Amino acid sequence: MFLETKNLTKKFGGLTAVNNVDFAIEQGKINAIIGPNGAGKSTFFNLISGFHPPSSGQIIFKGQDITNLPSNKIAELGVARTFQTTNLFDQATVLDNVIVGHRLRTKSNLFDAILRTKRLKREEQQCREKAIEVLDFVGLTDVSHKLAGGLSQEEKKRVAFALGLATNPEIIFLDEPAAGVNPDETEGLAELMVKMVESGVTVCLIEHKMSMIMKLADRIMVLNYGEKIAEGTPTEIKNNDAVIKAYLGGSAIA
Amino acid sequence: MATIFKQRNMIAFFILIALVFPFLTNNNYLIHVMTLAFIWMIAVYGLNLLAGYTGYLSLAHAGFFAIGAYSLSLLTTKAEMNYWLAFVLALIITSVLGLLVGLISLRTKEHFFAIYTLCVGYIIYLVIDKWDSLTGGIRGLIGIPSPANIGPLTFNTPVANYYLVLFFLLLTILIMYRIVHSLTGRTFIAIRNSEDLAQTIGISTMTNKLLVFVISTFFAGLAGALYASFIRFIGPDIGYINVTFDILTYLIVGGIGTLSGPIVGTIIIVWVSQQLQFLQDYRMMIFGPILTLLVIFYPRGISGGIYDWTMKRKEKKRQNIDKNQQMISAQETSAASNKNG
């Protein structure tokens, strides 16, 4: 398996946010995690990307146990993620904001900076080229010299994608990438995700927009109260009783 | 007009003025005031990298300034060490103590960090004030030597001292300029914008924060060491909280997180307070409201305000060009369709 979790559990005091979740992500697919608000989706992301240590369980990426690695090490292994809101430096251009995304692949340190060594110049060029490349990929070449403060919500989402892609990831976790953007723009972001998978980056996303998920995802996992209640293809999920009940409510199993 | 205010030009202009300043005046007092202002600038630059570029407001800055000053003074007066050896050792001592304080204090964030470092700064002050046998307590230390000769260079005249301090200031500016415009600087700025985001794009935030904290204390120590050998007597009050807030005021007025801010802020406040000396402590009645207004309307200080203004103008210009081009292309298409029709 490409990336999998085994019995992953996270407890915050008395609250079990993620409970015994086994989940496997296939390479080259679009994987989705859905569930009602408070189901533990974001916590699940935070566990995988190393922001919270899990209470128990394991996370394995390409055969390597990454359960207790700090998030920057996980990023170095090729796992990127975006947040629901991306804090950009509003007073700098979009390009300047994205250049730092490739920093983890460079080695120059403080002394390179003070002495302006060849290595620094070469790596700066490398980071700049990478930023231009990923901004082109997400379709933001036109605004790359605009100040980040003047971007629309959808453009900000694309910058977040670009930042993630600049780290040279093999898999990218997107936390509600289409939240707060209009239906047309949602369509555009969906196309971008397909493009990412085609370029060889596996995608895993949390999303609330069902129509988008059902069209886009290859596999879906449904979380409710921290537990996995279903997993499968969009058609299977659509017809799953437990999922319908979780979303629409309903009495005990009839 | 806008090019005059470009950070690089502003700094170049300042350097030029600073270099010829002693030729413009014979007044030793003015040279003394300027030298002191330069020393403060070095400390302000140190705080700027930490508070302005990395987003960690340390209020222990005066403490490290005092550590630098006292280290140099004790090593030269009590240990009777060679001046420049003591100078280097003072910087090392300050940086090592900075590393130790950073290791603990950087576990906190935002206002907790500010409060924690405020306490650290006060503890440093208290230690200096109470450790009578070592630091001389409230009486302070006297007889600190001025910088020793380097070959043919001597530093016993005010003008020579002025140029020595200016040399260190220019070195500081150069180092800061290079750090800020490098990948290391971009890393710091990424941490300021969002630590979580910085970490997800693979930046080891703790290592970088520790690095910047040590750099910041290093420059506080440098300023302190220069101060001690320039004034030649020191007391515990140089490590007092007031000094931290003076440094912070220079930074905020000039522009936190800008490269020319420390120069602009320090020069303006030092000169204005010189001019208003007849008002004594009532000066604060003028500074207070001005500072408040500045923070409300120009949170990035004078330099930041000017920078934002020029960026806005640029943006407007670009939009106008875009609009004109659109109009031209629209006219062309309508002309073409007229022809076809």
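## Two helices side by side in chain B

Helix H2 (residues 28-53) of chain B packs against H7(B) at an angle of about 20°, and their axes are 9 Å apart. Axes here are lines fitted to C-alpha atoms, for helices over the stretch in contact, with angles running from 0 to 180 degrees between N-to-C directions. H2(B) and H7(B) are therefore roughly parallel to each other (under 35 degrees counts as roughly parallel, over 145 as roughly antiparallel, 65 to 115 as roughly perpendicular and the rest as oblique). H2(B) passes H7(B) in a left-handed crossing, meaning that the near helix is turned anticlockwise from the far one by less than a right angle; clockwise would be right-handed.

Among the residues making this contact are B:Phe38, B:Ile42 and B:Tyr45 of H2(B) and B:Val165, B:Leu169 and B:Met176 of H7(B). Contact means that the C-beta atoms, placed from the backbone, lie within 7 Å. By class, the residues split into 19 nonpolar, five polar and no charged (Ala, Val, Leu, Ile, Met, Phe, Trp, Tyr, Cys and Pro are nonpolar, Asp, Glu, Lys and Arg charged, and the others, Gly among them, polar).

## What kind of model this is

This is a predicted model: local features need pLDDT of at least 70 and side-chain atom pairs count only at pLDDT 80 or more, while totals for chains, interfaces and linings use all residues. Residues are numbered from 1 along each chain as its sequence is written, and chains are lettered from A and ligands numbered from 1 in the order in which they are written. Helices (H or I, at least four residues) and strands (E, at least two) are DSSP runs, numbered from the N terminus.

Now to H8 in chain B. The axes of helix H8 (residues 183-193) of chain B and helix H10 (residues 205-231) of chain B come within 10 Å and cross at roughly 110°. That makes H8(B) roughly perpendicular to H10(B). B:Thr187, B:Phe188 and B:Ile191 of H8(B) meet B:Thr205, B:Asn208, B:Lys209 and B:Val212 of H10(B).

The contact between the chains takes 25 residues from chain B and 32 residues from chain A. On the chain B side, H8(B) gives the most, with eight residues. That side has 10 nonpolar, 10 polar and five charged residues.

## Sheets in chain A

Four strands of chain A form an open, antiparallel sheet in the order E2-E1-E4-E5, where pairing takes at least two DSSP bridges between two strands. Strand E2 (15-25) and strand E5 (64-65) of chain A are the edges, each pairing on one side only. Helix H1 (residues 41-48) of chain A packs on this sheet, touching strand E1 (3-12), E2 and E4.

Elsewhere, strand E3 (residues 30-34) of chain A pairs with E9(A) in the parallel sense over four bridges. E9(A) also pairs with strand E10 (residues 227-232) of chain A, antiparallel over five bridges. E9(A) and E10(A) form a hairpin with two residues between them, and A:Tyr225 in the turn has a positive phi of about 50°. Strand E9 (residues 219-224) of chain A is mostly covered, with five of its six residues buried (20 or more other C-beta atoms within 10 Å of a residue's own; 12 or fewer is exposed, in between partly exposed, with C-beta atoms placed from the backbone).

## One buried valine

A:Val159 sits in helix H6 (residues 153-165) of chain A. A:Val159 is buried, with 26 other C-beta atoms within 10 Å. Not counting residues up to four places away in sequence, A:Val159 touches residues including A:Leu88, A:Val98 and A:Leu140.

Definitions and conventions: Two residues are in contact if their C-beta atoms, placed from the backbone, lie within 7 Å.
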